[in-house]
Amino acid sequence: MKLKIVEYPDKRLKQKSLKVTKFDNELHGLLDAMNPMMINTNGIGLAAIQVGVALEILVLNIPDEEGEQPPENLIEMINPILSDKKGETTYQEGCLSVPEFYEDIHRFETLHVNYQDRDGNTHELKADGLLSIAIQHEVDHLNGILFIDKLTSSRRRKFEKEYKKMLKEKKSTTQKV
Ligand SMILES: [Zn+2]
């Protein structure tokens, strides 16, 4: 399966994803393609809508102390449900779908998540730190929300200007090649 990252302002990123009901080979193939894509693009999380699939699927791999992302740290979450969101934290977030832009975003510090794995088995975990932040960022994707939607209107305007400029420069570089 060949995947391509969907980038802002692609309208698909505003889509609300649907629950997964079939835990079949197609789902496994998608997950098997999403995982290396996340690692190869230096992501710590990736939601299916970011590769154009509007289903409640996400993968996460939080770097360890050495900055490594070994395969055993991979978490595949299907149909995640968040609860017990507590505390407050701020982190400079980026997004594979909004390249070259980073911004401080406020999130809950800890949360509880119920989810299913690729075979439909149910799991739950309590998350804090970067894992908690990444889960909130990815679950936002499933609801059609990007981290830039959380900016104040003046920051958002500045972003749109910078991003448009970046896209234009990208285009002109491509044309030269
Ligand atoms: Zn993202």
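Two strands count as paired here if DSSP finds at least two bridges between them. I keep that in mind for the notes below, which concern a predicted model.

**Entry 1: the sheet**

I looked up which strands pair and found that 5 strands form an open sheet in the order β1-β2-β3-β6-β7, with antiparallel pairing. The strands at its edges are β1 (45-47) and β7 (122-127), each of which pairs on one side only. Ignoring direction, I noted that neighbouring strands of this sheet are turned by 35° against each other on average.

Next I looked at what lies on the strands. Helix α1 (residues 25-40) lies across β1, β2 (57-60) and β3, and runs at about 40° to β2. Helix α2 (residues 129-142) also packs on the sheet, where it touches β1, β2, β3, β6 and β7, and its direction makes about 155° with that of β2.

**Entry 2: Leu82**

I picked Leu82, which has its place in strand β3 (residues 75-86). Which residues does Leu82 touch, not counting those up to four places away in sequence? I found Leu111, His112, Val113, Ile135, Gln136 and Val139. I also checked the spacing to Pro71, which is 11 residues from Leu82 along the chain, and the C-alpha atoms of the two are separated by 24 Å.

**Entry 3: the zinc ion**

Which residues coordinate the zinc ion? I find Cys95 through SG, His137 through NE2 and His141 through NE2, at 2.1 to 2.2 Å. In sequence, these donor residues follow the spacing C-x41-H-x3-H. His137 and His141 both lie in helix α2, 4 residues apart, which is about one turn of the helix. I checked their accessibility as well, and both His137 and His141 are buried.

**Entry 4: Ser17**

I turned to Ser17, which lies in the segment before α1. Is Ser17 buried or exposed? Its relative accessibility is 5%, and since buried means under 20%, Ser17 counts as buried. Leaving out residues up to four places away in sequence, Ser17 touches Ile49, Val53, Ala54, Leu55, Glu56 and Leu142.

**Entry 5: the chain as a whole**

Stepping back, I noted that the protein chain holds 3 helices and 7 strands, and that along the sequence they follow the pattern α-β-β-β-β-β-β-β-α-α.

For overall dimensions, the C-alpha trace of the protein chain spans about 50 × 40 × 35 Å along its principal axes. I compared the radius of gyration with what a compact globule of 177 residues would have, near 16 Å, and the protein chain has 16 Å, so the two agree.

Buried residues make up 45% of the 177 residues in the protein chain. The protein chain exposes about 10,300 Å², of which carbon and sulfur atoms supply 51%.

Technical notes
Residues are numbered from 1 along each chain as its sequence is written. This is a predicted model: local features need pLDDT of at least 70, side-chain atom pairs count only at pLDDT 80 or more; totals for chains, interfaces and linings use all residues. Side-chain values use heavy atoms; hydrogens and water are left out. Helices (H or I, at least four residues) and strands (E, at least two) are DSSP runs, numbered from the N terminus. Contact means heavy atoms within 4.5 Å. Axes are lines fitted to C-alpha atoms, for helices over the stretch in contact, and angles run from 0 to 180 degrees between N-to-C directions. Donors are N, O and S atoms within 2.8 Å of the metal (3.2 Å for Na, K and Ca); water is not among the atoms, so sites may look incomplete. Buried means under 20% relative accessible area, exposed over 50%, partly exposed in between (1.4 Å probe, protein chains only). The radius of gyration is taken over C-alpha atoms; the globule rule is 2.2 Å times the number of residues to the power 0.38. Accessible areas come from the Shrake-Rupley method with a 1.4 Å probe; for residues, only the protein chains shown count as cover.
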